[in-house]
Amino acid sequence: LLKYMKEIEISLKYCHQNGIFHRDVSPNNIILYGSPTKPMLIDFELSCKSDNSVSNGFVGTYACSSIMQLIHYKHKKPFKYRKRDDFESLYYSTLF
């Protein structure tokens, strides 16, 4: 599990270096493929450019969302997505 998590972390860093936030890192958006088996981050439907990452509603998978996103959503405040939120979602994904 940790090996797969590290590989997804590398994928997220690549996205962030290219100005993209995934915004929906969850077990449903990680597949295993190939031989030897490797994880792949999929479903970039909710992704956005890092310079346009403010959301007025909820984005992503509730169970794997960052704490700050949930707090902003609860108080109906705009939320500026950060790199950290993708990594936090990756961490929560390992709990399921």
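Before looking for a pocket, I noted what counts as one: an open set of grid points with protein on both sides within 12 Å along at least five of seven lines. The model I'm using is predicted.

**Entry: the pocket.** I looked up the largest pocket and found about 220 Å³ of space in it. Which residues lie nearest its centre? I wrote down L1, Y4, I30, S93 and T94, out of 13 lining residues. Helix 1 (2–17), strand 2 (30–33) and helix 3 (83–93) are the elements that each give two or more residues to this lining. I sorted the lining by class and got 11 nonpolar residues, 2 polar ones and no charged ones.

**Entry: helix 3.** Next I checked which residues of helix 3 are buried, and my list reads D85, D86, E88, S89, L90, Y92 and S93. As for what covers them, I noted helix 1, strand 1 (20–21), strand 2, helix 2 (67–74) and strand 6 (79–80) among the cover.

**Entry: the whole chain.** I stepped back and counted 3 helices and 6 strands. Read from the N terminus, the order is α-β-β-β-β-β-α-β-α. The C-alpha trace spans about 45 × 30 × 20 Å along its principal axes. I also looked up the radius of gyration: the chain has 13 Å, which agrees with a compact globule, because 96 residues packed that way would come out near 12 Å.

**Entry: burial and surface.** I found 33% of the 96 residues buried. The accessible surface comes to about 6,200 Å², and I noted that 57% of that belongs to carbon and sulfur atoms.

Conventions: Residues are numbered from 1 along each chain as its sequence is written. This is a predicted model: local features need pLDDT of at least 70, side-chain atom pairs count only at pLDDT 80 or more; totals for chains, interfaces and linings use all residues. Side-chain values use heavy atoms; hydrogens and water are left out. On a 1 Å grid over the protein atoms alone, a cavity is a set of points where a 1.4 Å probe fits but cannot get out, and a pocket is an open set with protein on both sides within 12 Å along at least five of seven lines; lining residues have an atom within 4 Å of a point. Grid points are joined across faces, edges and corners, and a volume is the space filled by probe spheres set on the points. Helices (H or I, at least four residues) and strands (E, at least two) are DSSP runs, numbered from the N terminus. Ala, Val, Leu, Ile, Met, Phe, Trp, Tyr, Cys and Pro count as nonpolar, Asp, Glu, Lys and Arg as charged, and the others, Gly among them, as polar. Buried means under 20% relative accessible area, exposed over 50%, partly exposed in between (1.4 Å probe, protein chains only). Contact means heavy atoms within 4.5 Å. The radius of gyration is taken over C-alpha atoms; the globule rule is 2.2 Å times the number of residues to the power 0.38. Accessible areas come from the Shrake-Rupley method with a 1.4 Å probe; for residues, only the protein chains shown count as cover.
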